Amino acid sequence: WSAWRMLVCSAADAGVAHQQLFSVAAPGLAANVRHMGARDVLEVCAAYAACGFKHHGLLNEFARFAPSMGLKSGEARELQASLERLGFDAPLLKRYRELQESLSESSAEGLRGDGYAR
């Protein structure tokens, strides 16, 4: 899967939107999403978004595994933005982001400027 990742990311970086390449790469990438790190998922999803290719199987796997990847708030936003560029709705990812944001707001409100709880 890492070779497919490098290939689609390089194609997107070079501005080569070759639909057949992205179509052929998608099943292999989708089958291995659970083995990918957060950065891999973000880069592959961004490549598909940059070229405007929407492969439902791959995007479903991204959305399904994202909450278990330990994405930071900014990474979850980045992934959701790529999915939205493709017109792909990912309610579980959206809920995950909302929970992350509410937790970070709660912890920020519960601390004084010196880092101690109020």
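Analyst: In the largest nonpolar core, which has 38 residues, Phe22, Tyr48, Leu58, Leu71, Leu79 and Leu93 touch the most other members. The helices α1 (2-14), α2, α3, α4, α5 (73-85) and α6 (91-109) each supply at least two residues of this core, and α3 gives the most, with 9 residues. Please keep in mind that this is a predicted model, where local features need pLDDT of at least 70 and side-chain atom pairs count only at pLDDT 80 or more, while totals for chains, interfaces and linings use all residues. Residues are numbered from 1 along each chain as its sequence is written, and side-chain values use heavy atoms, leaving out hydrogens and water.

User: What makes a set of residues a nonpolar core?

Analyst: The members must be buried Ala, Val, Leu, Ile, Met, Phe, Trp, Tyr or Cys residues, joined through side-chain atoms within 4.5 Å. In soluble globular proteins, nonpolar side chains tend to be buried together.

User: Why is Leu79 called buried?

Analyst: Buried means under 20% relative accessible area, with exposed over 50% and partly exposed in between (1.4 Å probe, protein chains only). Leu79 has a relative accessible area of 1%, so Leu79 is buried. Leu79 lies in helix α5.

User: And why does Arg5 count as buried?

Analyst: Arg5 has 17% relative accessibility, so by that cut-off Arg5 counts as buried too. The place of Arg5 is in helix α1. Across the protein, buried residues make up 39% of the 118 residues.

User: Which residues are in contact with Leu79, leaving aside its neighbours within four places in sequence?

Analyst: Contact means heavy atoms within 4.5 Å. With those neighbours left aside, Leu79 is in contact with Val41, Leu42, Cys45, Phe62, Ala66, Leu71 and Leu93. Take Val41: Leu79 and Val41 are 38 residues apart in sequence, but their C-alpha atoms are 8.0 Å apart in space. Leu93 touches Ala66, Leu71, Ala76, Leu79, Gln80 and Leu83, not counting residues up to four places away in sequence. For Arg5, with neighbours within four places left aside, the contacts are Leu29, Asp40, Glu43 and Val44.

User: How many helices and strands does the protein have?

Analyst: There are 6 helices and 0 strands. Helices (H or I, at least four residues) and strands (E, at least two) are DSSP runs, numbered from the N terminus.

User: What makes α2 roughly parallel to α4?

Analyst: The axes of α2 (residues 19-30) and α4 cross at roughly 30° and come within 8 Å. That angle makes α2 roughly parallel to α4, because angles under 35 degrees count as roughly parallel, over 145 as roughly antiparallel, 65 to 115 as roughly perpendicular and the rest as oblique. Here axes are lines fitted to C-alpha atoms, for helices over the stretch in contact, and angles run from 0 to 180 degrees between N-to-C directions. In this pair, Ala26, Leu29 and Ala30 in α2 meet Gly57, Leu58 and Glu61 in α4.

User: Which residues of α3 meet α4?

Analyst: Val41, Val44, Cys45 and Tyr48 in α3 meet Leu58, Leu59 and Phe62 in α4. Helix α3 (residues 38-51) and helix α4 (residues 56-65) pack at about 145°, with their axes 11 Å apart.
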